[in-house]
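Thanks for coming. I will go through one model this morning, so please have the sequence and the 3D view open.

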Amino acid sequence: MKLILFSFITSFVFYSCSKDAEIKPDETMLSLHFKHFMGNDSLKLKSTYYQNAAKDSFSVSSFRYFVGKIKGKSSQNKQWITLSNNYFLIDEEFNKEISALNIPFQQYDSLLFEVGVDSVNTYQSDFKGDLSQSTGMYWEWNKMYIHFMLDGYYKQTSTYSRGYVFHLSGFENVQKVKLSMSDIVFAKNKLTTLNLKVDILKYFEKPQLIDFNTYNNVTTGKQAQEVAPNLKSIFSIVN
Amino acid sequence: MIKYLLFPFLLFSCNTQVKDNLAPEIGKKYTYNTPSYFGDYLLPTNNIATEEGIELGRKLFYEPLLSADNSISCASCHIQSAAFSDPGKFSDGVNGKLGTRNSMSLANLLWQKKFFWDGRASSLEQQALMPIQHPDEMNQTLAQTVSKLQSSVVYSSLFKNAFGSEVITAENIAKAIAQFERTLISSNSKFDQFLRGEIQLSASEERGRQLFFTHPIAESGLRGGNCGDCHGGNLVGNGSFHNNGLDSIFSDLGVENQSKSIYDRGVFKAPSLRNIGFTAPYMHDGRFTTLEEVLNHYNGHLKQSQTLDPLMFVSNELGAKTLKLTENEKKDIIQFLNTLNDTIFVTNPKFSKP
């Protein structure tokens with residue numbers, strides 16, 4: 001019953017749009033800012049070539065991914081609490097923030113979210129907002145969202161750059177990311193901003209070493225399943 | 001159980017403006033009638049559509065007074081029978097001048113965020129005033145335009161009905177034209193009937209549909225035309241911008257003209273392909289006259305350059321540099337493309353010259 005009551009209450013909080021909704025006495029606010037990096041350098045689209053762990057030289061034309069099912073683990077009772085049920089399209093070019101979610105006020109040990117859109121939320125999608133079909137992140141042919149998009153060029157030879165495409169899709173490739181928040185102190189009625197470093201170089205490292213001669217057009221299927229777990233390690237909180 | 005009942009509400013997105021919830025200060029509010037499978041759209045909060053505004057906008061769209069020698073209206077280059085594009089490669093401006101790009105089709109503009117082949121306008125209101133002032137198009141200042149319209153008794157009353165004042169402004173000209181253009185919704189093609197579950201596509205059309213949207217994976221033998229990566233969704237266009245391999249040396253720099261970035265060289269908008277059978281010739285410079293030529297371009301004639309889009313390297317064959325579809329596959333895709341033609345749209349009397 002408690003759980004039902006809770007989902008009932010939170011549903012109104014989110015329905016009424018967290019950005020504009022008035023904050024309730026037992027709530028506080030959380031923003032997530034995603035900072036895209038190549039190792040220690042801020043990501044620069046198109047102009048800069050980077051080197052991955054496989055020693056391939058590559059550039060990035062577009063970098064986008066879905067973040068959803070954001071939860072926090074309560075420090076008090078160790079239960080996972082839903083912080084947002086929306087999906088957010090994070091895009092190097094257009095939007096790198098999830099702004100001012102109204103969340104239950106308490107302390108949290110951990111942050112949990114998913115990269116990608118799971119089957120339930122795909123089948124039940126209303127195609128509104130970030131889940132719109134017209135963002136280029138929904139695929140008609142397999143009726144799935146592209147969870148993670150990384151496109152650009154790699155130097156196939158010293159003089160010839162070839163395009164590469166990671167459009168990771170497939171429900172089995174949605175990745176759960178868990179990060180410690182035990183150092184973050186939440187205060188009542190005060191916005192807390194988490195800065196998340198997203199290191200694209202780590203995507204190429206492990207568990208699957210990604211070299212462009214093998215992996216240059218990855219969507220679903222075997223290759224996608226091999227590389228998708230790499231997404232787990234690219235996020236860290238750097239507050 | 002209850003959790004799932006609540007689910008639709010939980011998904012309600014916060015980034016989306018609740019559509020059409022504002023009342024106009026004057027006039028009868030107009031509600032755009034759009035199919036749900038096109039998804040939601042944003043409307044400007046400072047230009048709320050009214051019956052009166054749309055009526056005015058339609059008249060302005062067909063009004064040659066907008067051009068310097070009173071010879072050309074918006075509709076001269078956006079011809080309804082061509083899904084509001086121009087069957088000519090380039091369009092005639094005043095004084096016999098010719099443009100340098102093929103006139104774009106106007107349909108389902110509610111879902112577009114950037115306009116022109118190079119995306120230089122970020123709203124329809126902004127877009128509408130540009131061809132009026134362009135020396136190779138209508139070649140008329142906004143002051144001249146306002147003054148010519150102001151001297152017409154008909155327009156004084158139409159502007160009063162739409163905007164509450166007989167005093168005509170360039171801003172209101174743009175607003176009215178934009179309101180009319182947003183009514184140009186094309187949703188009665190065979191593909192729409194298919195999306196609504198009213199009909200089935202023929203076997204060839206259905207094969208073409210699958211190929212059109214599928215991103216191929218050569219390793220696993222999954223075949224596709226990869227068209228949907230740029231012309232995706234039910235609108236058959238993402239509004240994204242790409243260099244699709246037309247040239248190695250560029251006479252038209254495309255988006256680079258605006259951005260001054262060499263990484264935008266030869267980059268143009270990937271338009272929606274709705275009504276594609278009515279909108280020939282194709283590409284920003286109208287270089288292809290048939291869909292066969294277009295498919296052949298992607299299939300084997302891509303030109304290399306520094307900005308050739310990464311998606312252009314995707315192939316049905318390992319290591320190949322172009323799509324490598326078979327002749328039958330190309331035929332099937334063209335069969336599907338022709339299901340995007342909406343004859344009701346191109347003959348709808350509500351969109352024709354008033």
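First, the ground rules. This is a predicted model, in which local features need pLDDT of at least 70 and side-chain atom pairs count only at pLDDT 80 or more, while totals for chains, interfaces and linings use all residues. Residues are numbered from 1 along each chain as its sequence is written, and chains are lettered from A and ligands numbered from 1 in the order in which they are written.

Let me start with chain B as a whole. Chain B has 13 helices and two strands; helices are DSSP runs of H or I with at least four residues, strands are runs of E with at least two, and both are numbered from the N terminus. Its C-alpha atoms fill a box of roughly 65 × 65 × 35 Å along the principal axes.

How much of chain B is buried? Of its 354 residues, 46% count as buried. Buried means that 20 or more other C-beta atoms lie within 10 Å of the residue's own, exposed means 12 or fewer, and partly exposed is in between, with C-beta atoms placed from the backbone. As for contacts in chain B with a separation of 6 or more, 66% are between residues 24 or more positions apart. A contact here is a pair of residues whose C-beta atoms, placed from the backbone, lie within 7 Å.

Next, the domains. Chain B is divided into domain 1 (2–185) and domain 2 (190–344), with bounds from an automatic or database domain assignment. The domain centres, taken over C-alpha atoms, are separated by 27 Å. Across the divide, 24 residues of domain 1 of chain B are in contact with 24 residues of domain 2 of chain B.

Now the cores. A nonpolar core is a set of buried Ala, Val, Leu, Ile, Met, Phe, Trp, Tyr and Cys residues joined through C-beta atoms within 7 Å. The largest one has 87 residues, and A:Phe66, A:Val67 and A:Phe148 have the most contacts inside it. Strand β4 (residues 57–74) of chain A gives the most to this core, with seven residues. Domain 1 and domain 2 of chain B both give residues to this core, so it lies between them. Apart from it lies another core, of 27 residues, including B:Ile48 and B:Phe61. Back in chain A, A:Phe148 is in contact with A:Tyr65, A:Val115, A:Gly116, A:Phe166, A:Leu168 and A:Leu231, leaving aside neighbours within four places in sequence.

On to a helix pair. At what angle do α9 (residues 203–213) and α12 (residues 327–337) of chain B pack? The angle is about 100°, and the axes are 7 Å apart. Axes are lines fitted to C-alpha atoms, for helices over the stretch in contact, and angles run from 0 to 180 degrees between N-to-C directions. The two helices are therefore roughly perpendicular to each other, the word used for angles of 65 to 115 degrees, with under 35 called roughly parallel, over 145 roughly antiparallel and the rest oblique. Among the residues that meet are B:Leu211 and B:Phe212 in α9(B), and B:Ile333 and B:Phe336 in α12(B). The buried residues of α12(B) include B:Glu329, B:Lys330 and B:Asp332, and the buried residues of this helix pack against α9 and α11 (291–300) of chain B.

Last, the backbone. Most residues other than glycine have a negative phi, and most peptide bonds are trans. B:Asn108 has a positive phi of about 55°, and B:Asn226 has one near 60°. B:Asn108 is in the loop between α3 (74–77) and α4 (124–133) of chain B, and B:Asn226 is in the loop between α9 and β1 (241–242) of chain B. B:Asn108 is buried, with 25 other C-beta atoms within 10 Å. A cis peptide bond joins B:Ala280 and B:Pro281, with omega about 0°. In chain A, a cis peptide bond joins A:Lys206 and A:Pro207.

Terms used: Two residues are in contact if their C-beta atoms, placed from the backbone, lie within 7 Å.
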